[in-house]
Amino acid sequence: MRTMTSKPPDRRRAKRFTVLFPMQYDASDEPGAYAISRNVSQSGLLMVTGGKLEIGSSVKLTFQLPGDSGEPRVMAGRIVRVEPNDAD
């Protein structure tokens with residue numbers, strides 16, 4: 001039984017690491033929009049954006065990780081969770 005003060009169990013498959021870097025994303029209704037990463041793992045990335053993304057929509061991410069040199073990385077992804085960001 002959970003009480004109101006206990007946290008729900010973490011159901012993530014992979015450990016998350018806080019890594020902040022800027023990125024550009026292309027979605028069907030928002031080409032060339034910008035976001036900031038919050039954390040990354042082997043199976044996902046949490047980003048903060050002012051855009052309105054829909055669960056299930058596909059995105060193309062373009063970014064460089066801290067310490068990268070050379071060409072930016074380009075990856076395809078899918079939105080699996082959307083929530084308000086009251087912290088920023």
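Does L53 count as buried or exposed at 11% relative accessibility? The views below take up this residue and its surroundings.

**View 1. L53 in the loop between β4 and β5 of a predicted model.** L53 counts as buried because its relative accessibility is 11%; buried means under 20% relative accessible area, exposed over 50%, and partly exposed in between, with a 1.4 Å probe and protein chains only. Leaving aside residues up to four places away in sequence, L53 touches Y25, A27, E30, M47, V59, I79 and V82, where contact means heavy atoms within 4.5 Å. L53 and R81 are 28 residues apart along the chain, and their C-alpha atoms are separated by 9.3 Å.

The model is predicted, so local features need pLDDT of at least 70 and side-chain atom pairs count only at pLDDT 80 or more, while totals for chains, interfaces and linings use all residues. Residues are numbered from 1 along each chain as its sequence is written, and side-chain values use heavy atoms, with hydrogens and water left out.

**View 2. The largest nonpolar core.** This core has 13 residues, and M23, Y25, M47, L53, V59 and L61 have the most contacts inside it. At least two residues of this core come from each of β2, β3 and β5 (58–63). A nonpolar core is a set of buried Ala, Val, Leu, Ile, Met, Phe, Trp, Tyr and Cys residues joined through side-chain atoms within 4.5 Å. In soluble globular proteins, nonpolar side chains tend to be buried together.

**View 3. Strand β3 and its pairings with β1, β2 and β4.** Strands (E, at least two residues) and helices (H or I, at least four) are DSSP runs, numbered from the N terminus; two strands pair if DSSP finds at least two bridges between them. Strand β1 (residues 17–18) runs antiparallel to β3 and is joined to it by 2 bridges, with F17 partnered by V40. Between β2 (residues 22–27) and β3, also antiparallel, there are 5 bridges; here Q24 stands opposite Y34. A hairpin through 2 residues connects β2 to β3.

**View 4. The hairpin from β3 to β4 and residue Q42.** β3 and β4 run antiparallel and are joined by 4 bridges, and V40 stands opposite L45 of β4. The hairpin between these strands passes through 4 residues. Q42 lies in the loop between β3 (30–40) and β4 (45–48). Q42 counts as exposed because its relative accessibility is 80%.
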